[in-house]
Amino acid sequence: MKPVKPPRQKTGDEKVPSRTRNKRTPDEKAHKEQTSSDTPPDEQTLNEQTIIAALEEGGAIAKRLDTYEMRQSQLDLMRLVIHGFNYDAIVAAEAGTGVGKSFAYLLPALNHVLLNNKRIVISTATITLQEQLYNKDIPLVLAALGVGIKVVLMKGRGNYLCLRRFDETSREQSFLTDPEYEALKAMNTWIDTTHTGARSDISFPLPDSFWSRVACEADLCMGPHCPERERCFFQALRAQAAVAPVLVVNHHLLFADASARRDGAGYDGMVVLPLYHRVIIDEAHTVEEAATSFFSEQFSRFSIYRQTGRLFRRQRGNLRGLLVLVLPALHAENQLNEIESINQKIRDSADTLDKVALELCKQEGVFRLTPDTDKDIHATLSPLIEDLRSQVQAYTALIKSLLGTSAENEENVIIWEIKAIRKRLESIAQLCRVFIEYQQHPDKVLWLERHNSNGEPWVSFTSTPLNVSTVLKEAIFDPNKTVVCVSATLTVNDTFDYWANRCGLALVDKRQVLCDQFPSPFPYATSVLLAIPTDAPLPQADVPYRDFVNMAAGSLAACVGGSALILFTSYSALESAYNASKTLLEKQGIRCLKQGDDDRSRLLKTFLTEETSVLFATDSFWEGIDAPGDTLRLVILCRLPFRTPNEPVFAARCEDLEQRGGNSFMELSVPEAVMKFKQGFGRLMRRFSDHGVVVVLDTRVIRKRYGKIFLSSLPETKICFANLQTITNKIERFLE
Ligand code: SF4
């Protein structure tokens, strides 16, 4: 999918029929015949000139920002977005760092709301961007427009306190740990002062274990039957959202709503979100990953303990749990022994399965169900999963018979909760069946993964969709009039093909799609040096390569006086380089920070405030770090970020592609690594005045043919490909 730009924009508030197409696509005539319906136009179009004027010199936005400079790429991006609104198109826009993408989509989106009084949903991957839009960018655009529009920020449901669960936890406080009890006391006061009930408003220490007891959960919500409904934070938020023309949500909420509508909830009222027809998806490069996570299902012995323990447990010699509380009212105390027995059988069965699963994961930490592993599955796994399934099913049947079918207990909080847990157990039983009949589910990746909690190993059993493109097409792209996807990283080798294939956009009629790239206005060509040490061994040479990275990472960070971000692809490589460099750097008064030593946000805060500190990081730190100015002058990308071939979902997707005649390395591994590589590279330049160096310690970028794809996906910079000593000298001169 090569970039396709919109035609010249019409001027004036003309009306256009819905689903009018991009005029530059090849089969214009055929499409016109399809879309020149007699349906009366129902929406006012946006006036490009008026909207663009806000961003031009002296315009409404420009006047409100002291440091604002007009950027051609921002204006071009805005034109594309306006076209997406006026012509009911799907827009994919790669906007380099500094383009100012949020203003470029907010101005058209908010103008569209004003003109047509129709709702817009803006979805992001991270809470950070959600908050930036809600607290800064949207208020600024509304002030510039001189209007007030109701905007509601909806984080994922689990970010809000459930008052009913809090009451329940308060009643069971004798089972809390000391830190949990302290949190409960502090929360009692906080509830009276908070307006949002959001976790982000909490400033007292909050153990995750406590929050998970009191947070909102969709299937545990009693909705209209809840005794706390009138005071409920989440219900109040939903009520506000129902009348708000602008919603800022995250991708999970968007998928929850869109998939429920696609699966039968329909397109005419509130589901998870109120009805909308136009969506902006920011940080769109994460869409496949977010959808994969959203549509995955999982169980483990711990999730089973949690559910069964809430129903029944013996604690310090006493019987506890929701069933124990409810049995007298149901005149069913005589069932206690049976409940205890089946509860124990389930736990025993889950423990046995976990032990065997740990053995299967012993070698690689993961185990995927495939025809190649069929022998192990039949011999060991399937009988144990079947045993667990039948025990769980027996329990859910017993609960069902105990509660009966009458609706008279709808208002009873305990019975509601028991029913919700029963449904969760039924889902686990269903998932067990999917594992047993794995060959009948070629559309799913079924896999086991070993974890470690406080030194105790355990295994998760996960079902992940092999491909999310169809569901995204049907749930997101098909039903909406306009979908604007923006990110700094959507193309590989100047095409959108990889990303469009993965997220379902390639399945959409091309005549409805407009895509384009908007280069960063930052002066990469003069302010950034890209250096590659040609004397680095290839990563295949394990030990020499590791020794080289350990030596080079520390010496390069030392030569620039710190202010470096060193990105790895594995935690073991990170630790090795950290241990090798720490003494050298600390002798120069440079603080070394390591991912895993503190939580992500505190680590980043330290990195930002201690200007010369060096951060050794992996995984999520390849993106989302915004460290402008002298805090970050050197980024070292130690290795090309290829996925390890034994990652089960990735391996399954590669196999699937090969079976369909594709080349998984060139069509999946390389483009995915290029996208991540671009994100890593993008950490350096965050402001126009930034100036620094990116060093790539992996010479495959210059020695392998596919390396060109990595390099050509970066903006033009100064370049130094030489031995490490020469590079070090050059960097010193460049940064002087
Ligand atoms: S309505 Fe739902 S989320 Fe709100 S307090 Fe009740 S159970 Fe919790």
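Predicted model: local features only at pLDDT ≥ 70, side-chain atom pairs only at ≥ 80, totals over all residues.

Trainee: Which residue of E19 is the bridge partner of Leu529?

Mentor: Val693.

Trainee: What about E18 and E19, parallel or antiparallel?

Mentor: Parallel. E18 covers residues 634-637 and pairs with E19 over 4 bridges. There, Ile636 has Val695 of E19 as its bridge partner.

Trainee: How many residues of E19 are buried?

Mentor: 5 of 5, across residues 692-696. Both faces are covered. Gly692, Val694 and Val696 are buried on one side, Val693 and Val695 on the other.

Trainee: Switching to the whole chain. What share of the residues is buried?

Mentor: 41% of the 736 residues. The secondary structure comes to 28 helices and 20 strands.

Trainee: Why does the radius of gyration agree with a compact globule?

Mentor: Because a compact globule of 736 residues would come out near 27 Å, and the chain has 28 Å. The C-alpha trace spans about 80 × 70 × 55 Å along its principal axes.

Trainee: And the domains, where do they fall?

Mentor: Domain 1 takes 48-150 + 244-292 + 469-518. Domain 2 is 157-237, domain 3 is 296-465 and domain 4 is 524-735.

Trainee: How far apart are the C-alpha centres of domain 2 and domain 4?

Mentor: 41 Å.

Trainee: Last one. What about contacts between residues at least 6 apart in sequence?

Mentor: Of those, 77% join residues at least 24 apart.

Definitions and conventions. Residues numbered from 1 in each chain as written. Domains from an automatic or database assignment. Buried ≥ 20, exposed ≤ 12 C-beta atoms within 10 Å, placed from the backbone. Helix = DSSP H or I, 4+ residues; strand = E, 2+ residues; numbered from the N terminus. Pairing = 2+ DSSP bridges. Rg over C-alpha atoms; globule rule 2.2 N^0.38 Å. Contact = placed C-beta atoms within 7 Å.
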